[in-house]
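Have the structure open and follow along.

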Amino acid sequence: MTMETGISVERAIELIEQNTLPVGTERIEATRAHGRILAEDVCAPISQPPWPRSPLDGYALRAADSAGASKDTPRMLRVVDTIYAGGWSEVTVQPGECVRLMTGAPIPAGCDCVIRQEDTDLGAERVRIYKALSAWDNYCKIGDDFLKGDKLLPAGTKLNGNALGVLASAGLHRDDERLTVYKRVRCAVLCTGDELVPNAVRPLPPGKIYSSNEAVLSSRLSELGMELTVVRGEFTDDPAALAAAIREAAGTADVIFTTGGVSVGAKDILHETLPRLNADRVFWQVRLKPGSPMMFSIYDGKPLLSLSGNPFAASATFELFGRVLLSVRSGDASLRAQVVTAELDTTFEKFGRGRRFVRSVFRDGHVTIPQGHSSGQLASAVGTNCLAEIPPADAPLRAGSTVRVWLL
Ligand code: AMP
Ligand code: MG
């Protein structure tokens, strides 16, 4: 494979998609499937509701028997039964008859509508009807929610509360009901840099910094539903050690993220590490800021996304590209960032030939950029919820401009 370099954001996304496969599926108990992604369609074994249902407290009748009814000209009907939610009646209602019923009760045969009790005199044996109804008024038909045989949940559905509720209303949220779901994606995070020390080191030695990228990436991976198998925050710039760590990580992880060492400096060790592993390099360097010296390769069938070490660069490129990778690998299309347009509330002074992605706050169609957006700064990213895309330009982007916003 020949490595592509200096590519666009779109080409990078395309190459990630083309070189990534879903992790595969497993059968698990429906009751343990919360948060997972369905890998097969699930069809309804029953209709819901299973029988015509009353949506309110009132009387079930034939609409024809209410013709011309009003407060001044009520129609009188004979009440032949009373049905509560959970009850059942075998009666078939005849002309001139009706049935008293409560919300959630089955509507008996012979009726085609339900009148709310407020439109009657609430009679027990005989009831006055004060309103003319049409057929199917207040009549909740069999399968109003779903019909037996309907596709209940299509493959790709995220099994959140509503989806599991739908399964439950079809009787499928059970320990002995298996669902085919995508396996959870296992991820490894390895951060490189001679300057990095773990948080446990006190005091901070001269020339060193605490590694923060593994905290950012591992938190985001957990938030996105991934499983973490390896999280290491402090690799020295030693290609042999990193190669060994990647080799080991590939044994437990489906996706490997590294940070640092992808630029053109003397210690940018990924260039030496990947050949040692015989990894297929797919691309290096994407035309964006921050994080342009990003690299994507495949090692032992596992995608390896190597991000720039600058904390915000690592975070932004993870959101833009890491999530595409995870989305394909996990089968979860919702992991891809949603892109909307918004009105910029702050003039953005920096401009240049490249596309820039800036931490921002999106709210009600407006986007605000906080102070402090260099790729080495992380503090101002706290509380932001999107990346605003600043297009190439030869002048600052003025407040009031429309920008594309990638929601996080
Ligand atoms: P690199 O991508 O290795 O050239 O690193 C770029 C900048 O990011 C340097 O200033 C590094 O010290 C910093 N950096 C690299 N890795 C980390 C990390 N894990 N946590 C915090 N800063 C880092
Ligand atoms: Mg470095």
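This is a predicted model: local features need pLDDT of at least 70, side-chain atom pairs count only at pLDDT 80 or more; totals for chains, interfaces and linings use all residues.

Residues are numbered from 1 along each chain as its sequence is written, chains are lettered from A and ligands numbered from 1 in the order in which they are written, and side-chain values use heavy atoms, with hydrogens and water left out.

**Helix pairs**

Here are the two packed pairs, with axes fitted to C-alpha atoms over the stretch in contact and angles running from 0 to 180 degrees between N-to-C directions.

| Pair | Angle | Axes apart |
|---|---|---|
| α4 (residues 239-252) and α5 (residues 270-277) | about 50° | 9 Å |
| α3 (residues 213-223) and α6 (residues 311-330) | about 30° | 10 Å |

The angle makes α4 oblique to α5; under 35 degrees counts as roughly parallel, over 145 as roughly antiparallel, 65 to 115 as roughly perpendicular and the rest as oblique. On the α4 side, Pro-239, Ala-240, Leu-242, Ala-243, Ile-246 and Arg-247 meet Leu-270, Glu-272, Thr-273, Arg-276 and Leu-277 of α5, contact being heavy atoms within 4.5 Å.

The other pair, α3 and α6, is therefore roughly parallel, and α3 passes α6 in a right-handed crossing. From α3, the contact takes in Asn-213, Val-216, Leu-217, Arg-220 and Leu-221, and among the α6 residues in it are Phe-318, Glu-319, Arg-323 and Leu-326.

**Buried sides**

Now for two helices with a buried face. In α1 (residues 9-18), the buried residues are Val-9, Ala-12, Ile-13, Leu-15 and Ile-16. They cover an arc of only 165° around the axis, which puts them on the same side of α1. Buried here is under 20% relative accessible area, exposed is over 50% and partly exposed is in between (1.4 Å probe, protein chains only).

For α2 (residues 161-169), the buried set is Ala-163, Leu-164 and Leu-167. Their arc is only 95° around the axis, which puts them on the same side of α2; arcs are taken from the directions from the helix axis to the C-beta atoms. Gly-161 and Asn-162 are exposed on the other side of α2. What do the buried residues of α2 pack against? Their partners are the strands β3 (42-43), β9 (151-153) and β10 (178-182), where helices (H or I, at least four residues) and strands (E, at least two) are DSSP runs numbered from the N terminus.

Notes
A crossing is left-handed if the near helix is turned anticlockwise from the far one by less than a right angle, and right-handed if clockwise.
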